Amino acid sequence: MEASRKVIITCAVTGSVHTPTMSPYLPITPTEIVDGAVGAAEAGASVIHLHARDPDTGKPSPDPRLFMDFLPRIKQQTDAVMNITTGGGLGMTLEERLAAAHVAKPELCSLNMGSMNFVLSQAASKFSTWKYDWEKPYLENTTKSIVSNTFEQIERIIVEVGQAYGTKFEFECYDVSHLYALAHFLDRKLLTPPLFVQTIFGILGGIGPDPEDMMHMRRTADRLFGKDYLWSILAAGRHQMGLCTMGAIMGGNVRVGLEDSLYAGKGALAKSNAEQVAKIRRILAELSLDVATPAEARDLLKLKGGNEVGF
């Protein structure tokens, strides 16, 4: 473990997985998303990963007008890197998923590296009443749908967003095959290192949350990318803090936030994104690891800079 190494903390503020019934603290409106993002940045996150939601229903939305309601306001209050989703939400078309990125032209976007089952139906059985009618079917329908990220779609995102705007990517890899897909696009010289590789554990349809699963993903990424990548760890639900801690010890960066887990500890809902960021920052401090500032994150990831975006 390198004593001088800087750990990038990413915070995913709201996402498109959890629904409003699951937690009263899930940011829904643009103002709530601003507050969540700014609080996370103040707690130590240097990268903020952002989705939008319909402010009236809490349903994930691709509407770029919603993104542009909160992106400039976050930028006014923090110098954190803003990372815009291109995964969007379940059932969105590729054009819908890219709409906000075309307007925002951000420094960083997420990019899922393969089509997959993404099953959330188990969450539907935990609630008998719902705040909104859309929530239960949204979750239950994940057993009969697939998240589409074909090679054609991935290449379009790389070309239409990455090459067009100088945007870099957080490559979201839910399984070993996604690492090989990423290596394919790197071999074709459609991508320029360093790669920001986010390995994701514990989603039903992707690789599991066992520590050996994480070791396997790390070994595979090391073999495929060598020194051409920065590794980051995202673990769903109760696995969040444990695997992030293990990954940080192994030389990785970390991602937390209410997109990935609604909890701050066993049985305790996190009251904010900042609470999770502060917790992982305390853990990193106990491990004698330093947290990267936004400027240091930009340098590590070779980003274009906050003045080169569209908001």
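T199 sits in strand β9 (residues 195-201); helices (H or I, at least four residues) and strands (E, at least two) are DSSP runs, numbered from the N terminus. The model is predicted: local features need pLDDT of at least 70, side-chain atom pairs count only at pLDDT 80 or more, and totals for chains, interfaces and linings use all residues. Residues are numbered from 1 along each chain as its sequence is written, and side-chain values use heavy atoms, with hydrogens and water left out.

T199 is buried, at 0% relative accessible area. Buried means under 20%, exposed over 50%, partly exposed in between (1.4 Å probe, protein chains only). The T199 side chain makes a polar contact with the side chain of W231 (2.8 Å). Such a contact is a pair of N or O atoms within 3.5 Å; within protein, one must be able to donate a hydrogen and the other to accept it, and residues adjacent in sequence count only if both atoms are side-chain atoms.

## Strand β8

In β8 (residues 168-173), 6 of 6 residues are buried. K168, E170 and E172 lie on one side, F169, F171 and C173 on the other.

β8 runs parallel to β7 (residues 108-112), joined by 5 bridges. β8 also pairs with β9 in the parallel sense, over 4 bridges; pairing takes at least two DSSP bridges. C173 stands opposite T199.

## Cysteines

The structure holds 0 disulfides (a pair of cysteine sulfur atoms within 2.5 Å). For C109, the nearest cysteine sulfur, that of C173, is 16 Å away. C244 is buried.
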